[in-house]
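Hi everyone, thanks for making time this morning. Let me put the sequence and the structure up on the screen, and then we can walk through them together.

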Amino acid sequence: MSMHRPAIMTSLLALALATSAALAESPNLGKPITPEDLAPWDINVLPDGTGLPPGGAKPAEGAQLFAENCSACHGDGGKGGLGGQLVGGPPKASLDGGKTIKNFWPAATTLFDYIRRAMPYTQPRSLTDQEVYALTAYLLAENKLIGPDEEINAKTLPQVKMPNRDNFIIRFPDRI
Amino acid sequence: MRKSMRKGHSIAQVAGNGLLDRRALLGRGAIFAGAIGTGAGALNGAAAEPLADGPWSLEVGNVIPPYQRPSPFEKATVRTVDNPNNEPHNSRARTPHHLLKGIITPGGLHFTICHGGVPDIDPAQHKLVIHGLVKRPLVFTLEALERYPMVSRIGFVECGGNSAPLFSNEPIQADVQALHGLASCSEWTGVPLSLLLDEAGVDPKAKWIVAEGADAPHLSRSVPLAKIMDDAMVAMYQNGARIQPGQGYPMRLWLPGYEGNMNVKFLRRVQVTDQPALTYYEARTYSQILPDGRAYRFYFLQEVKSFITSPSPGIKLKEPGIYEITGIAYAGTGRIAKVMVSADAGRSWAEAALQEPRLPKAFTRFRMPWRWDGGPAILQSRAWDEAGNMQPTREQFVALRGQTSKPPSVLGFPSQHFNAITSWAVDGKGDIRHVYA
């Protein structure tokens with residue numbers, strides 16, 4: 001049944017050893033890059049807040065921005081459209097649908113990361129970091145995940161408690 | 001067995017409703033002797049007409065083109081596209097499995113999902129950055145990567161949402177292309193990502209990488225470092241030629257056996273981290289809701305699976321007689337060990353012939369000779385991987401994973417990672433429907 005496995009492992013091991021042994025002769029054709037030169041692409045935000053830029057905004061600062069940049073697809077106030085509902089929706093998601101920021105998303109940092117990298121759909125990377133903070137704060141407040149006067153910044157965003165955060169099961173823990 | 005002996009056929013029936021011994025496939029003359037004996041209709045009953053030259057045999061043919069396209073008679077062998085006007089949402093193109101017979105998907109028929117259109121990337125300007133928890137952040141050009149030692153490997157890519165219509169509480173009437181068309185298999189050639197990470201010098205604290213594409217959504221996914229160092233590839237060639245635009249031209253991350261969305265296309269950046277990013281696609285889209293309201297995260301693996309590609313819905317059986325049941329089987333865990341086929345809704349099973357090569361984490365073609373007697377039949381296939389994992393029945397599967405309360409759109413994705421048995425029902429007229437059995 002597992003007759004092939006030892007053979008695979010052995011060949012992988014041999015390959016790995018060959019690779020590390022030959023490292024001195026590796027092509028080494030990558031060019032070093034400084035953090036400053038990397039910065040325009042260095043946009044990942046991690047759940048602990050790593051990667052969040054300076055700045056911050058309160059929900060009210062995002063209302064006008066949302067109307068101008070987001071409502072065409074996501075509806076007035078994020079109530080839904082071609083691009084999906086961002087505010088409101090069912091209390092629980094199911095196989096019939098209804099995953100929302102409030103009832104499903106496990107981390108608020110995902111909101112900043114995704115808006116900054118992918119939105120608006122037709123003009124990605126056109127918003128400033130400050131504008132992304134404002135839209136993040138607006139959507140969190142509209143979903144009643146923060147109060148209307150709370151500022152969202154690099155310190156506060158990772159601390160937002162998402163209601164569904166503890167309802168996830170790692171499918172294959174041994175693969176992580 | 002009794003039935004075929006009674007009719008005096010030379011091939012043993014090995015399971016109910018006409019399944020024949022897979023060794024008949026190798027028996028050359030034996031199967032034809034049987035086939036002639038069973039013929040009832042015009043195709044193998046009537047005598048052939050006198051031969052004549054076709055017009056193409058009586059004139060000079062066309063000029064040879066620089067890039068050969070399929071015959072004009074093969075217009076049906078195309079992908080189905082679900083966003084032909086490029087509206088501002090996802091676009092998908094599905095592989096026509098019912099018209100393919102091998103294990104390699106031609107590049108133009110490989111399934112594609114793009115979340116912000118297909119970018120036109122100038123390969124001379126494309127860059128791949130490796131940074132984060134490394135000693136030396138590095139930038140690679142395509143020209144530089146061309147000088148690296150490459151590896152080639154045949155393997156499948158399957159969208160985590162392939163076969164999602166089978167989460168419907170009622171069987172959705174659609175063909176194998178619509179139901180299972182988000183999986184394809186190619187020969188991929190490129191540079192092991194581990195080699196580039198070794199050059200950058202990975203910090204011992206590193207546990208994950210976050211990969212990012214150069215397309216409009218800057219699609220990003222987290223991958224455990226263990227998988228990256230095991231068999232991840234920066235793939236630049238597909239079936240020998242530069243990778244297709246829809247597959248991530250000029251380079252993609254390829255993670256053999258792992259959920260399609262993780263195989264980041266248009267790969268431009270790899271950040272080495274100590275934690276997953278919980279990107280939109282892993283935190284929301286590719287987390288699977290369970291019946292108890294919780295959800296799976298980091299499913300990653302495409303588990304052992306098979307489906308029959310022919311006969312299948314849309315293919316009409318014109319007359320009783322010998323047919324070959326064929327399909328594909330694959331497992332993100334490794335090789336396919338066995339495929340069983342049933343023609344009586346799982347009451348009896350017979351082992352299918354597995355076509356070589358039978359490669360790990362790649363499509364394996366299976367075949368089973370079948371004598372259709374003209375009556376109702378329900379065709380199923382069931383695969384095992386070499387670790388002994390068995391493809392579940394749909395009933396077993398939905399008991400754990402749930403189903404919808406009402407039928408969704410055939411283009412919808414109620415959940416993901418569906419790998420249970422598919423059933424095709426043949427009726428007395430030779431028409432085929434999708435059923436749950």
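**Where two chains meet**

Let's begin with a pairing that crosses from one chain to the other: strand β4 of chain A and strand β17 of chain B, residues 295-297, run parallel and are joined by three bridges. If you want one pair to look for, find A:I169, whose bridge partner in β17(B) is B:Y296. Please keep in mind that this is a predicted model.

Now let's look at the rest of that contact. How many residues does each chain bring to it? Chain A supplies 50 residues and chain B supplies 59 residues. On the side of chain A that touches chain B, the elements giving two or more residues are α1 (4-21), β1 (31-32), α5 (109-118) and β4 (168-170). Of these, α5(A) gives the most, with six residues. By class, that side of chain A has 27 nonpolar, 14 polar and nine charged residues.

Let's stay in chain A for a moment and look at two helices. The axes of helix α3, residues 60-69, and helix α6, residues 129-142, both of chain A, come within 7 Å and cross at roughly 100°. Angles of 65 to 115 degrees count as roughly perpendicular, so that is what we call α3(A) and α6(A). Which residues meet there? From α3(A) we have A:E61, A:G62, A:A63, A:L65 and A:F66, and from α6(A) we have A:E131, A:A134, A:L135, A:A137 and A:Y138. Sorted by class, this helix contact holds seven nonpolar residues, one polar and two charged.

Now over to chain B as a whole. This chain has nine helices and 26 strands. Its C-alpha trace spans about 75 × 65 × 40 Å along the principal axes. A compact globule of 437 residues would have a radius of gyration near 22 Å, and chain B, at 24 Å, agrees with that. Buried residues account for 52% of chain B. And if you take the contacts in chain B between residues at least 6 apart in sequence, 72% of them join residues at least 24 apart.

Strand β3 (residues 80-81) pairs with strand β4 (residues 91-94) in the antiparallel sense, over two bridges. There, B:V81 has B:A93 as its bridge partner. β4(B) also pairs with strand β5 (residues 112-114), again antiparallel, this time over three bridges. In that pairing, B:S91 is bridged to B:C114.

Key
Residues are numbered from 1 along each chain as its sequence is written. Chains are lettered from A and ligands numbered from 1 in the order in which they are written. This is a predicted model: local features need pLDDT of at least 70, side-chain atom pairs count only at pLDDT 80 or more; totals for chains, interfaces and linings use all residues. Two strands pair if DSSP finds at least two bridges between them. Helices (H or I, at least four residues) and strands (E, at least two) are DSSP runs, numbered from the N terminus. The radius of gyration is taken over C-alpha atoms; the globule rule is 2.2 Å times the number of residues to the power 0.38. A residue is buried if 20 or more other C-beta atoms lie within 10 Å of its own, exposed if 12 or fewer, and partly exposed in between; C-beta atoms are placed from the backbone. Two residues are in contact if their C-beta atoms, placed from the backbone, lie within 7 Å. Axes are lines fitted to C-alpha atoms, for helices over the stretch in contact, and angles run from 0 to 180 degrees between N-to-C directions. Angles under 35 degrees count as roughly parallel, over 145 as roughly antiparallel, 65 to 115 as roughly perpendicular and the rest as oblique. Ala, Val, Leu, Ile, Met, Phe, Trp, Tyr, Cys and Pro count as nonpolar, Asp, Glu, Lys and Arg as charged, and the others, Gly among them, as polar.
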